[in-house]
Amino acid sequence: MTDIADIARLEDERYAAMLGKDIGALERLLHPDLVYMHSSGVADTKASYIAGVRDRVWDYHAIARSDQTVRLHGALALVFNRLKIDLSVRGVAKSLDNRALAVWVADDGGSRNSWRLIALQSGMVPPGV
């Protein structure tokens, strides 16, 4: 049975894979039907997101998370948090301050090994908030 701590660990693994450009881990953690919506409004599939990490379209340097809340709803887990990300996008340095919603789904109903990230939505936090 999966609990909130299991989902939090999967999130830790995903962010470590992003920072470490660990394509194997991303292949394992991301659902085939992934929609990854960047704060810019650009949407990626699993294949295009992994290619972007591999090819350093998004070269993550640091990711700090705060205000994380995990809510389980059957075979869905919703993860809300605030992200401060330092990265290079196509070689241009950027610092982001975003809120994000990550949606995990368990295809077999809930064993820890079946959870995959199926959606991510990120949006910029207005200055001063």
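Let's start inside the sheet, where β1 and β6 pair in the parallel sense over 4 bridges. Strands are DSSP runs of E with at least two residues, helices are DSSP runs of H or I with at least four residues, and both are numbered from the N terminus. Two strands count as paired if DSSP finds at least two bridges between them. Within this pair, Met-37 has Gln-121 in β6 as its bridge partner.

Before going on, a word about what you are looking at: this is a predicted model, in which local features need pLDDT of at least 70 and side-chain atom pairs count only at pLDDT 80 or more, while totals for chains, interfaces and linings use all residues. Residues are numbered from 1 along each chain as its sequence is written, and side-chain values use heavy atoms, with hydrogens and water left out.

Now step back to see the whole sheet. Its 6 strands form an open sheet with mixed pairing, and the order across it is β2-β1-β6-β5-β4-β3. At the edges sit β2 (43-44) and β3, each of which pairs on one side only.

β3 and β4 run antiparallel and are joined by 13 bridges. Here Trp-58 stands opposite Val-89 in β4. The two strands make a hairpin with 2 residues between them, and Gly-74 there takes a positive phi near 65°. Moving on, β4 pairs with β5 in the antiparallel sense over 14 bridges. Leu-87 finds its bridge partner in β5, namely Lys-94.

Arg-90 lies in the loop between β4 and β5, and has a positive phi of about 50° although it is not a glycine. Is Arg-90 buried or exposed? With a relative accessible area of 65%, Arg-90 is exposed; the cut-offs are under 20% for buried, over 50% for exposed and partly exposed in between, using a 1.4 Å probe and protein chains only. Elsewhere, Lys-21 also has a positive phi of about 50° without being a glycine, and its place is in the loop between α1 and α2.

In strand β5 you will find Ala-93, which counts as exposed because its relative accessibility is 67%. Not counting residues up to four places away in sequence, Ala-93 touches Leu-87 and Ser-88, where contact means heavy atoms within 4.5 Å. The C-alpha atom of Ala-93 is separated by 23 Å from that of Asp-12, 81 residues apart along the chain.

For a contrast, turn to Ala-17 in helix α1. Ala-17 counts as buried because its relative accessibility is 2%. Leaving out residues up to four places away in sequence, Ala-17 touches Asp-22, Ala-25 and Leu-26. Ala-17 and Glu-27 are 10 residues apart in sequence, and their C-alpha atoms are 9.9 Å apart in space.

A loop residue can be buried as well. Ser-114 lies in the loop between β5 and β6, and is classed as buried because its relative accessible area is 11%. Neighbours within four places in sequence aside, Ser-114 is in contact with Val-105, Ala-106, Asp-107 and Asp-108.

What holds the middle of the picture together in side-chain terms? A nonpolar core is a set of buried Ala, Val, Leu, Ile, Met, Phe, Trp, Tyr and Cys residues joined through side-chain atoms within 4.5 Å. The largest nonpolar core has 32 residues, and those that touch the most other members are Ile-7, Met-18, Tyr-49, Trp-58, Tyr-60 and Trp-104. At least two residues each come from α1, α2 (23-29), β1 (30-37), α3, β3, β4, β5 and β6. β4 gives the most to this core, with 6 residues.

Finally, visit the largest pocket, which has a volume of about 360 Å³. On a 1 Å grid over the protein atoms alone, a pocket is an open set of points where a 1.4 Å probe fits, with protein on both sides within 12 Å along at least five of seven lines, and lining residues have an atom within 4 Å of a point. Grid points are joined across faces, edges and corners, and the volume is the space filled by probe spheres set on the points. There are 23 lining residues, of which His-38, Ser-39, Ser-40, Trp-58 and Leu-96 are the closest to the centre of the pocket. β4 provides the largest share of the lining, 4 residues. By type, the lining divides into 13 nonpolar, 7 polar and 3 charged residues; here Ala, Val, Leu, Ile, Met, Phe, Trp, Tyr, Cys and Pro count as nonpolar, Asp, Glu, Lys and Arg as charged, and the others, Gly among them, as polar.
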